[in-house]
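Please find below a short note for colleagues who have the sequence and the model open before them.

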Amino acid sequence: MCVYFVSGAGYHSESKAKEYKHVCKRACQRAVDRLKAGALAVDAVTAALVELEDSPFTNAGMGSNLNLSGEIECDASIMDGKSLRYGAVGAVSGINNPVLVANRLLSEAQKGKLSAGRIPPCFLVGRGAHDWAVNHGIPPCPSEKMATKFSLSAYKRNKHKMELAEKVDTGFNHHSKKRRQASETENGSGLLDTVGAIVVDREGNVAAAVSSGGLAMKHPGRVGQAAHHGCGCWAENTSTLNPYSTAVSTSGSPFLASEDCVLGGVIVLRCCRCSDFITQPSPDIQAILGKSL
């Protein structure tokens with residue numbers, strides 16, 4: 001069994017490097033503890049993401065970026081490689097741990113059809129996602145309580161910069177934009193974009209999850225890549241047609257390629273069962289048993 005995780009694309013202050021490492025260590029330990037207790041991969045990866053969402057130092061759940069309206073809207077998704085089930089929420093407000101909603105959507109879908117033959121949802125957004133979560137026992141959290149001093153101060157700075165940018169011409173704005181980005185790098189005013197994790201359990205099942213508060217000053221209702229099927233995360237166990245299990249979690253987005261300075265990342269787990277190695281020997285044992293990027 002193993003756990004890999006990422007603490008996002010974007011800028012962060014070197015002064016907070018110690019805090020980031022601590023929260024990542026706690027997230028990993030929480031997932032490992034669940035795995036040692038016999039939990040499946042999908043439950044362990046959820047546990048890791050909850051720890052990351054609860055940290056005020058990451059842009060997911062507590063302390064997420066504020067949108068144009070000064071509110072927090074989160075995206076999250078999770079995929080179970082064993083069942084190939086997927087659960088996701090987008091632009092959801094008032095939920096401190098959106099990955100719990102994504103995981104609950106996944107587990108509820110595994111129960112089969114609803115009354116009158118209705119198909120259960122696997123991806124909900126906005127108010128509908130919030131109400132569904134509350135109706136299924138996930139406690140709400142006022143959006144204002146999810147904001148931190150750090151995210152609020154970043155919002156005020158960004159709002160002021162936007163107001164100034166609207167007063168200048170395009171040519172000047174192009175240069176000031178580069179200066180703003182350089183300033184954010186130096187001052188650490190930009191939050192990490194996305195958190196994610198991938199897990200393989202003792203039975204060889206893989207799972208992947210991702211959670212994000214989204215871009216700073218995004219338009220209300222915007223749904224980022226973290227909530228999209230096959231884009232934010234992917235997980236698939238071995239099968240008769242596929243000898244390897246694969247789990248992927250991404251951070252950043254190719255749709256931002258036009259930006260001057262964009263950071264993105266991906267963690268990938270590729271593994272097979274030991275029996276596959278015994279029947280098909282390879283000179284590179286470590287490569288067969290598992291790979292991560």
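1. A nonpolar core here is a set of buried Ala, Val, Leu, Ile, Met, Phe, Trp, Tyr and Cys residues joined through side-chain atoms within 4.5 Å. Buried means under 20% relative accessible area, exposed over 50% and partly exposed in between, with a 1.4 Å probe and protein chains only.

2. The model is predicted: local features need pLDDT of at least 70, side-chain atom pairs count only at pLDDT 80 or more, and totals for chains, interfaces and linings use all residues. Residues are numbered from 1 along each chain as its sequence is written, and side-chain values use heavy atoms, with hydrogens and water left out.

3. The largest nonpolar core has 23 residues, and V45, L49, I78, V199 and A209 have the most contacts inside it. At least two residues of this core come from each of α1 (17–36), α2, α3, β5 (194–200) and β6 (206–212); helices (H or I, at least four residues) and strands (E, at least two) are DSSP runs, numbered from the N terminus. The greatest contribution to this core is that of α2, with eight residues.

4. Which residues does A209 contact, leaving aside its neighbours within four places in sequence? They are V45, L49, S77, I78, V99, V195, G196, A197, C233 and S249, where contact means heavy atoms within 4.5 Å. A second, separate core of 19 residues includes V101, L105, W132 and M146.

5. The axes of α2 (residues 41–54) and α3 (residues 98–109) come within 8 Å and cross at roughly 160°. Axes are lines fitted to C-alpha atoms, for helices over the stretch in contact, and angles run from 0 to 180 degrees between N-to-C directions. The two helices α2 and α3 are therefore roughly antiparallel, a term for angles over 145 degrees.

6. The contact between these helices is made by V42, D43, T46, L49, V50 and E53 of α2, together with P98, V99, L100, N103 and L106 of α3. The residues of this contact comprise seven nonpolar, two polar and two charged. Ala, Val, Leu, Ile, Met, Phe, Trp, Tyr, Cys and Pro count as nonpolar, Asp, Glu, Lys and Arg as charged, and the others, Gly among them, as polar.

7. A91, although not a glycine, has a positive phi of about 50°; A91 lies in strand β3 (residues 86–92) and counts as buried at 6% relative accessibility. A116, also not a glycine, has a positive phi of about 60°. The place of A116 is the loop between α3 and β4 (123–125), and at 83% relative accessibility A116 counts as exposed.

Note on methods:
Angles under 35 degrees count as roughly parallel, over 145 as roughly antiparallel, 65 to 115 as roughly perpendicular and the rest as oblique.
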